[in-house]
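Work through the exercises below with the sequence and the model open. Try each task before reading its solution.

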Amino acid sequence: MLQIFNTLTRHKAVFVPLDPTRVRMYVCGITVYDFCHVGHARMMVVFDVVYRYLVHLFGSAQVIYVRNITDIDDKIIKRAHENQEDYHATATRFIAAMDQDLRALGVLTPSQEPRATEFMPQIIDMIAVLERKGFAYRAANGDLYYDVTRFGPYGKLAGRQLDDMQAGARVEVGPAKKNPFDFVLWKAAKAGEPAWDSPWGAGRPGWHIECSAMSVQCLGEHFDIHGGGRDLQFPHHENEIAQSCAATGAAFVNVWMHNGFVEIDKEKMSKSLGNFFTIREVLAKYPPEVLRYFILTSHYRSPLNYSDQQLDAARAALTTLYTALRDINPRVSTHLDTSFRQRFFAALDDDFATPEALAVLFDLAHAINRCRHSTPQEAAGYAHELRSLAGLLGLLHADPTRFLQAGGDNRLDDAMIQALIEQRIAARNAKNFKHADQLRDQLLAAGIVLEDGPTGTTWRRK
RNA sequence: GGCUGGGUAGCAGAGUGGUUAUGCAGAGGACUGCAAAUCCUUGGACGUCGGUUCGAUUCCGGCCCCAGCCUCCA
């Protein structure tokens, strides 16, 4: 039984979909004005695992996963202006970059990826409903605001009362607002800004309303899971609740999920602090699967401390797993110890406890290594088990030898490596171990590790 | 000021009222020409002060420390 921690209740609870034939999840994607960083990668990978596991439990045709793209917003306009290009060109460019990064990380494509600019009529409709119901007001600056005092439960998701919050703790409060926590629904366009026509004049939607409109449009008024980074809990998701519930009069989301931050030196990785690494920066140094593995080594709600040391450890760990799979043809076996599988699913059932699930993978790798020579068919069975369980996490899809030999600085290509290995074999056969060791050291200096086994010499990159 | 989380071995990171997490790193052994990989064995831990308990890292309370949110942010 899958249990999920619900931010709304601060408890884990058994997940029961509203409609078991249509499990519906919405995740806040990114605003496309720059390359994705490791923090984005974490969110994408975490919810990718959630999606994969829901598909495993309910079937691929039963799970609808919507992840939006914010393709119009102040930052995009600013970036486009800096680059002297159309806002749309900026957005398109960074969407392509994002797709490339996510493909590398093995993140599955969601069922739908709605973009704000494609949902203008629906967004405007929802705002109009809010205005008609008295939840909106026009400020002196022309912007249309949501009046938070009109929505009773405001603050429930954040776990705080309006009165408790210190408005303007870190920034000046907008002077046009009646209440400091009021937020913009429709932003009046300034000269030269991209704009859409609306009952409130030319302008663009506020950030929060687009997610309310798109989620309701794609999944219905009331759906199962809504996710995103912890930083979206307040005010973004709080505001979504206020808008959606006020507009539809229905319950909005059953389970709210928030992933923890990526940190560097105990500090949140963020654009504003400037302490971020983009996904592509990391992928220039490490195979994408290493980054994915690294993300899954900590529970999704915990902080994840980023460092090269951790990435190195992740690569070493994957090397261990792939080494176990090397030279084995995974085959389904009917009489296997099923405790691995049971532990693995128990871990994921417990609020997606990936660290525990990964531990099971290592136990399987050890099981393979223990019996790979004595009972190869058993080893093949465990290898199949390892592959299929890891596959649920989006890991261990690669050919083992390809993973183990990938990367490197290409000082030596495969043919050169092979030639040096042949030379060394000749030297060994001639009992000229000094020369053989020299060749091995030469390869090691180039990052190539040799392994002499009963069936010959294999190599991998360090 | 309000609100959330958290402090576990060298590093990372799970978990549990009494019994091995796991990975990387370390030690010893097997294997190897020597290595590497692998296997076997193994050292090392639960911020602090109290309380509950036969027994607490694990429950309760105080304290200290850290991070995050209360603009935008995954």
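**Exercise 1.** With which residue does D147 form a salt bridge, and how far apart are the closest N and O atoms?

Solution. The model is predicted: local features need pLDDT of at least 70, side-chain atom pairs count only at pLDDT 80 or more, and totals for chains, interfaces and linings use all residues. Residues are numbered from 1 along each chain as its sequence is written, chains are lettered from A and ligands numbered from 1 in the order in which they are written, and side-chain values use heavy atoms, with hydrogens and water left out.

Step 1. Apply the rule: a side-chain nitrogen of Lys or Arg within 4 Å of a carboxyl oxygen of Asp or Glu. The partner is K178, with the closest N and O atoms 3.7 Å apart.

Step 2. Strands are DSSP runs of E, at least two residues; helices are runs of H or I, at least four; both are numbered from the N terminus.

Step 3. Check accessibility. Buried means under 20% relative accessible area, exposed over 50%, partly exposed in between (1.4 Å probe, protein chains only). D147 is buried at 9%. K178 is exposed at 58%.

**Exercise 2.** Find the partner of K12 and locate both residues.

Solution. K12 bridges to D350 at 2.8 Å, N to O. K12 sits in strand β2 (residues 11-14), D350 in the loop between α10 (339-349) and α11 (354-371). They are 338 residues apart. K12 is partly exposed at 38%. D350 is partly exposed at 32%.
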